[in-house]
Amino acid sequence: MELASLSFLKLSFLLSLLSGGSDLLHPISEPGLLGKFPPTCNRIECPNYEVVHAGNGYEIRRYDTTVWISTEPIQDISLKDATRTAFFQLFAYIQGKNEYHQKIEMTAPVISQVSPSDGPLCESSFTVSFYVPKKNQPDPAPAENLHIQKWTPRYVAVRQFSGFVSDYNVGEEAAALSASLEGTAWANAIEKSKEDGGVGADSAYTVAQYNSPFEFIGRVNEIWLPFQMDD
């Protein structure tokens, strides 16, 4: 009975991360945050990072090598709908539907790499990923219709916001991050990284979600702009 309850809680947690909670019952978003350590990371494993710069409405982090289990790109007009589709594959994976029949510990954040469409009614591309725990990273379990992403060390420009993620606020938050970076050396590094086909060239931005549906205050979501630059 305890195992069944634990599986149900994990199911609810991941599904909420991927679907953005209930827009009818909870606020969509609140004013931007800066430098708040996601409380979820005090309870479950998250990738380590170092804050190398704090700017006006953003911070720059440096992440070491990380490993992610990812869906194939999903074509949809809705981030929320695409991540609901991805949920079933990712939850099955951590419950043991992989080539090693391993059960994987819950981690955070769940990230969605977004390549927006050219118009409001056109399909965008979403790749949804689950952070692989460190103990599984040397040999992550393969799975059908999922692939492993091994990220080299990189910098990430980050904007935090609270509330629940929606199809409406992610674009606004991504635009606000880009605006806050204008005229900085970081913006130049991000542009160069994309132009060179390096880190960050495969998507316009990434949405990171940390919280369960039962956390109504202190929610932390992030927009990421990953990039590479010489140290």
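The torsion about the S-S bond of Cys 41 and Cys 46 is about -90°, so this disulfide is left-handed. A disulfide is a covalent bond between the sulfur atoms of two cysteines. Here the term is applied to a pair of cysteine sulfur atoms within 2.5 Å, and those of Cys 41 and Cys 46 lie 2.1 Å apart. The structure holds one such disulfide.

The model is predicted: local features need pLDDT of at least 70 and side-chain atom pairs count only at pLDDT 80 or more, while totals for chains, interfaces and linings use all residues. Residues are numbered from 1 along each chain as its sequence is written, and side-chain values use heavy atoms, with hydrogens and water left out.

Are the cysteines buried or exposed? A residue is buried under 20% relative accessible area, exposed over 50%, and partly exposed in between (1.4 Å probe, protein chains only). Cys 41 has a relative accessible area of 16% and is buried. Cys 46 is also buried, at 10%. Cys 122, at 40%, is partly exposed.

Now to the protein chain as a whole. Of its 231 residues, 51% count as buried. The chain exposes about 11,300 Å², of which carbon and sulfur atoms supply 55%; such areas come from the Shrake-Rupley method with a 1.4 Å probe, and for residues only the protein chains shown count as cover.

The secondary structure comes to four helices and eleven strands. These are DSSP runs numbered from the N terminus: helices are H or I with at least four residues, strands E with at least two. Among contacts (heavy atoms within 4.5 Å) with a separation of 6 or more, 77% join residues 24 or more positions apart.
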